[in-house]
Amino acid sequence: ILKGSVFKMVCKLSLPNFLGVSSMPIIIFMDAFFISKLGNIELASLALVFPFLSVMQMMSAGAIGGASTSSISRFLGANLIESANSAIWHAVLIGISMSIIYSVIFVFFPKYIFK
């Protein structure tokens with residue numbers, strides 16, 4: 001890391017994050033493009049679920065995903081493999097529970113969300 005170009009190393013290390021973060025907007029764009037071929041009503045219905053997609057993306061890639069990745073990386077860096085495995089399972093449980101919470105909110109309270 002210390003002997004080469006800093007710019008090349010930063011680009012090399014940031015490539016996986018860039019690919020992960022840019023994949024969701026590309027998927028959302030491709031969904032919208034495909035549904036726009038079906039018609040205007042179908043495209044308008046996609047606009048109703050867009051807030052749900054945005055919240056899920058921001059929580060998974062941003063807040064919860066970033067914190068989980070950070071804690072797992074720190075455990076692996078400290079060579080605490082058992083703690084890293086525990087953090088992975090906790091991240092999975094947090095992801096599942098947050099998905100259930102968001103789904104319940106959007107299924108049972110859409111009237112309050114879309115107003």
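Q: Where is His90 found in this predicted model?
A: The model is predicted. His90 has its place in helix 3.

Q: Why is His90 called partly exposed?
A: The relative accessible area of His90 is 45%. Buried means under 20%, and exposed means over 50%. The value for His90 falls in between, so His90 is partly exposed.

Q: Why is Gly95 called partly exposed?
A: Gly95 is also found in helix 3. Its relative accessible area is 28%. That lies between the 20% and 50% cut-offs, so Gly95 is partly exposed.

Q: How far apart are Gly95 and Ser60 in sequence and in space?
A: They are 35 residues apart in sequence. From C-alpha to C-alpha, Gly95 and Ser60 are 7.5 Å apart.

Q: How do you know that the span of helix 3 is close to the expected one?
A: Helix 3 has 28 residues. Its first and last C-alpha atoms are 41 Å apart. At 1.5 Å a residue, 40 Å is expected. The two values are close.

Q: Which residues of helix 3 are buried, and what do they pack against?
A: The buried residues are Ala84, Ala87, Ala91, Tyr102 and Phe106. These residues pack against helix 2 and helix 4, which covers residues 110-113.

Q: Why is Asn79 given its exposure label?
A: The relative accessible area of Asn79 is 60%. The cut-off for exposed is over 50%. Asn79 passes that cut-off, so it is exposed.

Q: Is Ser22 buried or exposed, and why?
A: Ser22 has its place in helix 1, residues 6-36. Its relative accessible area is 19%. That is under 20%, so Ser22 is buried.

Q: Which backbone oxygens does the side chain of Ser22 reach?
A: The backbone oxygen of Phe18 lies 2.7 Å from a polar atom of the Ser22 side chain. The backbone oxygen of Leu19 is reached at 3.4 Å. Both values are within 3.5 Å, so both pairs count as polar contacts.

Q: What makes Ser68 buried?
A: Ser68 belongs to helix 2. Its relative accessibility is 14%. The limit is under 20%, so Ser68 counts as buried.

Q: How do you know that Ser68 makes a polar contact with Ile64?
A: A polar atom of the Ser68 side chain lies 2.9 Å from the backbone oxygen of Ile64. That is within 3.5 Å, so the pair counts.

Q: Why is Gly20 called partly exposed?
A: Gly20 sits in helix 1. Its relative accessible area is 42%. Gly20 and Ala61 are 41 residues apart in sequence, and their C-alpha atoms are 8.0 Å apart in space.

Q: How many aromatic pairs does the whole structure have?
A: A search finds one. The rings of Phe109 and Tyr112 have their centres 6.5 Å apart.

Q: Why is the pair of Phe109 and Tyr112 called tilted?
A: Their planes are at 45°. Under 30 degrees would be stacked, and over 60 would be edge-to-face.

Q: How does the radius of gyration of the chain compare with that of a compact globule?
A: The chain has 19 Å. A compact globule of 115 residues would have a value near 13 Å. The C-alpha atoms fill a box of roughly 55 × 35 × 20 Å.

Definitions and conventions:
Residues numbered from 1 in each chain as written. Predicted model: local features only at pLDDT ≥ 70, side-chain atom pairs only at ≥ 80, totals over all residues. Heavy atoms only, no water. Buried < 20%, exposed > 50% of the residue type's maximum accessible area, 1.4 Å probe, protein only. Helix = DSSP H or I, 4+ residues; strand = E, 2+ residues; numbered from the N terminus. Expected span 1.5 Å × (residues − 1). Contact = heavy atoms within 4.5 Å. Polar contact = N/O pair within 3.5 Å; in protein donor to acceptor, adjacent residues only side chain to side chain. Rg over C-alpha atoms; globule rule 2.2 N^0.38 Å. Phe/Tyr/Trp six-rings, centres within 6.5 Å; stacked < 30°, edge-to-face > 60°.
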